[in-house]
Every structure is written in structure tokens, then in C-alpha cells.
Amino acid sequence: MAKNIRRLVKIILIVAGVLTLLVLGTGWYLNQHWNKLLKQELQGYVTDLSDSLYTVKFEELHLDVLSGSITINKASMTADSVVYQRLLSQQRAPADIYTISVDRLELKYFKPWRYFFGKDLNAGILKVTSPSIIMDQNATVKDTSTPKTAYQNISAKMKSIFIGKLVLDSTNFKYIFTRKDSSRVIHQFHNLSVQINDFLIDSVALDDPTRFLYARNYEIGMKDYMNRTRDSLYWMYVRGIRYDAAQRTVNISQFELQPRYDKAAFQKKTGVQQDRFEVVFNDISLRNLNPRLLLQEQQIWAERANIQSGKLDIYRNRMMPMPPGNKLGQYPHQLLAKLKIPVNIDTLTGNNIDIRYTELSPVTEQTGYINFSHVHGLFRNITNIDSMVAKNRHLTADFDAIFMKSGKLTARFDFLLNDKGGSFSVSGRLNNMNGKDLNVITQPMGKIEIRSCDIQDLTFNINGDERRAKGHVKLLYQNLKIAVLKQNKDHDGFKRKGLISLVANALVINSENPSKNEKVRTADVAYTRDIQKSFFNLVWKTLFTGVKDIAGAGNL
């Protein structure tokens with residue numbers, strides 16, 4: 001019995017060995033034979049399909065039949081300039097010319113039997129390492145030949161091409177577009193990552209509504225982008241950029257504008273008063289972005305943009321000299337009109353954004369600030385394109401926020417596009433605020449301390465242009481008590497002026513509105529702009545003038 005078992009095991013081992021040798025030998029033979037065939041066919045495909053316009057070169061091609069993989073090293077595809085000139089003269093030259101080089105191509109889970117016997121290229125993954133692609137698109141080229149689909153181009157040689165996942169790693173892409181007037185636009189992108197899912201070319205794929213250019217989707221990502229602004233005052237970072245072609249959506253994980261200098265060094269660099277910005281926006285998305293207009297015409301067209309969260313800090317040193325000139329023509333909608341890049345965004349939404357403006361006072365040499373937290377903003381009709389402005393001249397912005405920790409603020413801005421005078425209107429409401437929260441701005445800026453004040457409701461409507469503003473203000477409040485302050489010699493602290501404060505509370509200011517047995521006081525205000533100051537300064541000054549009039553503090 002034992003002898004029979006040993007004999008059976010011996011026979012099994014011999015058969016297994018023979019089969020293994022047979023498989024390896026067959027694999028070796030097929031590798032050698034099909035390798036040569038693949039090299040010839042690959043170069044022939046490109047030559048035939050391009051009417052001899054392109055040639056392919058590579059250092060090494062290796063087929064492993066047993067593992068189902070093909071590896072190609074140092075490959076390139078270039079256009080023959082002589083052939084291209086011939087096609088141009090015959091008006092058969094394509095408008096797009098490509099120059100491609102790659103370090104390595106790896107085709108995995110390749111089914112060689114289906115390819116060599118059925119002319120059906122089927123593989124799981126194609127990984128391309130360090131490709132360099134130059135796409136030269138020329139709108140002046142006239143091609144009178146009958147356009148063919150990708151399937152029509154390959155059908156004489158193959159039945160179909162399917163790749164489950166195509167990955168391009170560390171891609172450098174240069175796009176050159178020549179307009180019909182012969183002007184050129186050049187874009188360069190470095191370190192792109194590209195993934196194409198479920199790519200299929202056959203007789204019906206182009207008409208498949210679930211596919212976009214023969215694939216389920218194209219996903220393009222770019223590593224962190226960093227650059228200095230033109231004035232060299234800031235670093236600009238764009239992180240986590242991804243483009244989804246099927247959804248026509250761009251996602252950016254973070255945009256950051258970071259000053260290159262601290263506050264003192266920044267002001268020394270500018271030499272004059274200039275706002276210093278610190279900006280961080282997170283999870284930005286643009287839906288239905290038009291990539292052709294962006295690349296060819298450098299126009300930004302998108303249906304919707306969204307910022308999920310962010311922070312905006314602005315600092316200004318009022319002790320520095322004012323800059324020369326004025327700020328006429330620098331309202332938000334006026335700057336949009338001057339922007340060299342055409343823009344059309346239907347809706348822009350910002351969520352959970354904190355805004356803080358800090359100012360160093362030349363009087364007290366101390367800083368005061370105002371703060372808007374949990375800001376939600378909705379902008380509509382952001383455009384500087386004449387045809388779109390002709391349809392709708394109003395750029396509107398709706399905001400709600402928490403003002404200075406306690407006040408609930410809503411506001412609506414309406415900017416009249418393409419208006420040379422910068423016409424605008426703003427209306428808003430603030431309620432349920434503790435007036436003492438304003439001390440961080442009233443003390444360093446105005447030497448006034450708010451001892452108590454319950455702001456119940458503040459409403460305002462303001463209309464203006466780049467020269468002046470007027471409006472109507474209503475403020476309902478109770479228990480207003482203030483203290484007039486004086487500063488010590490070292491400018492590091494304040495003391496109350498007791499007598500003056502007493503007189504102010506007793507004889508000057510109104511402690512509430514409405515007062516007993518009186519009507520609600522309102523204010524109709526007009527304010528002439530200091531043309532060296534900003535749009536928001538005009539809005540604030542107009543509103544504050546009305547508030548002071550209602551409170552009886554106009555002379556404080």
C-alpha cells in the first residue's frame with residue numbers, strides 16, 4: 001500500500017513538473033514571439049491611425065504572458081513636421097498636435113489571448129509614470145477631411161479597447177492655444193495626477209449617456225501650488241486641487257493668502273497706509289465650470305461656487321501717511337468691471353466665515369477691531385461680461401452673521417453693474433446686542449466707554465455712489481450709559497472723566513429710544529465720502545452718523 005502511494009505521488013510530481021515546464025516554455029515562447037509582434041503593431045497602429053503624422057519610439061517593451069502585464073520604458077510620440085506641412089497644404093491637418101514622452105508605462109491584468117486572437121484589447125490598469133504632454137491647438141488650421149470617431153479610427157485594426165483604470169502620475173502638461181487672430185494663450189501645469197475610470201472604445205460607447213468622452217469619469221488633481229503675488233507682499237497657496245470632468249466640478253481643499261512680513265515689516269515695505277490681509281478659505285467648489293472657455297479664452301464661467309468655511313483678517317495702521325491719489329473707482333463692482341479676466345458666476349455661497357478688521361489709531365496709538373463671526377453670504381450675478389450685464393445689471397449680496405459676539409446681523413447689498421458712478425444700495429438689521437461689546441472699538445478709536453446699552457433693534461437703508469451716501473436709520477435701545485475717557489501719558493491705559501461723563505449722561509445723550517411718552521426717533525442722514533477711504537468706510541460712517549444723531553451723541 002505504501003509503495004502504491006509513493007508511486008502515485010511520484011507520478012503526480014512528474015506530471016506537475018512536466019506541465020510546469022510546458023507552461024513556462026509556452027510562456028517563454030509566446031513572450032518572445034508576441035513581444036516582437038507587439039513592438040511592430042504598436043508602431044504600426046500609431047502610424048496608420050495618424051496617416052503617418054506621428055511616430056512612436058521606446059527603449060524597451062516587455063510582455064509577461066503569465067502575469068498578464070506589459071511594460072514599456074522611455075516611450076515618446078512626436079509629429080513629423082514634413083508630413084504635417086503636407087497635410088496642411090491639403091487642408092487635412094488636425095487642429096490639435098501632441099508631443100508626448102513618458103518614463104514608464106505598465107499595463108496590468110492584460111488578456112493577451114483576447115488581443116492576439118480576437119483583436120480585443122482588455123486590461124485592468126494602465127499606469128503611466130512621469131508623462132510630459134504638450135498639446136498645441138491651432139484655431140487657424142482648416143481641416144476639410146470628414147471627422148472620424150475614435151472607434152472608426154481603430155475599427156480596421158481592433159474591435160474594442162477597454163482599460164478599467166488609467167492612471168497618469170506626476171504629469172507635466174503644457175497647453176498652447178492659437179486663436180483665429182493668431183494670438184496665443186499658454187498654460188503650464190506641473191505634477192498633475194490624472195485618473196480615468198472605465199475607459200471603453202467600441203461601436204456604442206460614444207453614445208452611452210453614462211460616459212464622458214468614452215469613460216465613466218476623468219479626475220484631475222494637482223499638488224499644492226505656491227506663488228508670490230505680483231507686489232511680492234504675499235504668498236499665495238492653493239492646496240488639494242481636483243477636477244471632475246463628468247460633473248464639470250473643481251474642488252480646492254484650501255486657498256490661503258499669507259503675508260510675507262509681520263505687521264511692522266509690512267508697513268515698512270509699503271511706506272503708506274495699506275490693508276494687510278490674512279485669508280484662508282476651506283473646501284472650495286465650482287460647479288459646471290467651462291474648461292474650454294477657461295483655457296482658450298481665459299474666461300471663468302461657472303454655475304455655482306461655494307466656500308465651506310474660512311477666515312479673513314484685515315489690519316490697517318492709521319499712523320502711517322495716507323497713500324497718494326484716491327480710491328475713486330474702487331468699489332467692489334467697479335473693480336469687477338476692471339478685471340482683465342471675464343467672469344460669470346451665477347451664484348457664490350460662503351459659509352461659516354469669520355471676518356475681523358483691526359485698526360491702529362493715530363490718536364490713542366492702540367488698536368480697535370470689529371468682528372463678524374459665522375458669516376453666511378450669498379452673491380448672485382457676479383459678472384463683468386457685457387452681454388450678461390445687459391440681461392441683469394444687479395449684483396446682489398445677502399449676509400447674515402453674529403456681530404461683535406452678540407448682535408444678530410442681516411444685510412443686503414445691491415451693486416449696479418457698469419455704472420460709472422458706482423451706484424449701490426444697502427439695507428440691514430441688527431438686533432439683540434449687548435452694547436458693551438462695542439468697547440473694543442469705541443475706546444481705542446473714540447475714547448468712549450459704553451457702560452451699558454441694550455440694543456433691541458437697528459434697521460437702516462442707505463443709497464449712494466462713489467462720492468456720497470444718504471439713508472434712513474432707526475435704532476431702538478435701552479439703558480445707555482457712557483463714560484468719556486482720557487488717556488495717560490504713556491498711552492497704555494484709560495481713565496474716566498467723571499464730571500464730563502456725568503454731564504454727558506445727564507444732559508447730552510438719550511438713555512433710551514423711544515423715551516417715555518415720545519415717538520420713536522429716527523435719522524435721515526447724508527454723508528460725503530472721504531475719497532481716500534474705502535466703500536465700507538462710507539457705509540459705516542453714514543450708518544454711525546445716524547446712530548449718533550438718534551442717541552444724541554452727535555457732538556461727542
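A: Let's start with Phe399, which counts as partly exposed because its relative accessibility is 25%; buried means under 20% relative accessible area, exposed means over 50%, and partly exposed lies in between, using a 1.4 Å probe and protein chains only. Before going further, the ground rules: this is a predicted model, so local features need pLDDT of at least 70 and side-chain atom pairs count only at pLDDT 80 or more, while totals for chains, interfaces and linings use all residues. Residues are numbered from 1 along each chain as its sequence is written, and side-chain values use heavy atoms, with hydrogens and water left out.

Now the rings. There are 16 aromatic pairs in the structure. Phe399 and Phe413 make one of them, an edge-to-face pair at 5.9 Å centre to centre with 90 degrees between the planes. It connects distant parts of the chain, with Phe399 in strand β16 (residues 394–403) and Phe413 in strand β17 (residues 407–416), 14 residues apart. For the terms, rings of Phe, Tyr and Trp (its six-membered ring) pair if their centres lie within 6.5 Å, with planes under 30 degrees apart called stacked, over 60 edge-to-face and the rest tilted. Helices (H or I, at least four residues) and strands (E, at least two) are DSSP runs numbered from the N terminus.

Next comes the pair of Phe415 and Phe535, which is tilted, with 5.5 Å centre to centre and 55 degrees between the planes. Here the chain jumps 120 residues, from Phe415 in strand β17 to Phe535 in helix α11. Phe415 and Phe535 are both buried. Zoom out and these rings belong to one aromatic cluster made of Tyr331, Phe379, Phe399, Phe413, Phe415, Phe424, Phe535 and Phe536.

Phe535 takes us into the helix. α11 covers residues 535–551, 17 residues in all, and reaches 25 Å from its first C-alpha to its last, close to the 24 Å expected at 1.5 Å a residue. That expected span is 1.5 Å times one less than the number of residues. The buried residues in α11 are Phe535, Asn537, Leu538, Val539, Thr542, Leu543, Gly546, Val547, Ile550 and Ala551. As background, an α-helix has 3.6 residues a turn, so residues three or four places apart point the same way. Just past α11, Gly552 has a positive phi of about 75 degrees.

For contrast, look at a nonpolar spot on the surface. Leu499, Leu502, Val503 and Val508 form a patch there, with about 370 Å² of accessible area together. Val503 sits in helix α10 (residues 498–508) and is partly exposed at a relative accessible area of 36%. Patches are built from residues with over 30% relative accessible area and no salt bridge, joining like charges within 9 Å and nonpolar side chains (Val, Leu, Ile, Met, Phe, Trp, Tyr) within 5 Å. The areas come from the Shrake-Rupley method with a 1.4 Å probe, and for residues only the protein chains shown count as cover.

On to the charged contacts. A salt bridge is a side-chain nitrogen of Lys or Arg within 4 Å of a carboxyl oxygen of Asp or Glu, and the count comes to 16. Asp103 and Lys74 form one at 3.4 Å, N to O. Those two are 29 residues apart, Asp103 in strand β3 (residues 96–108) and Lys74 in strand β2 (residues 69–79). Asp103 is partly exposed at 34% relative accessibility, and Lys74 is partly exposed at 43%.

Arg216 is partly exposed at 34% relative accessibility, as is Asp208 at 22%. Asp198, Asp208, Arg211 and Arg216 are linked in a network of salt bridges.
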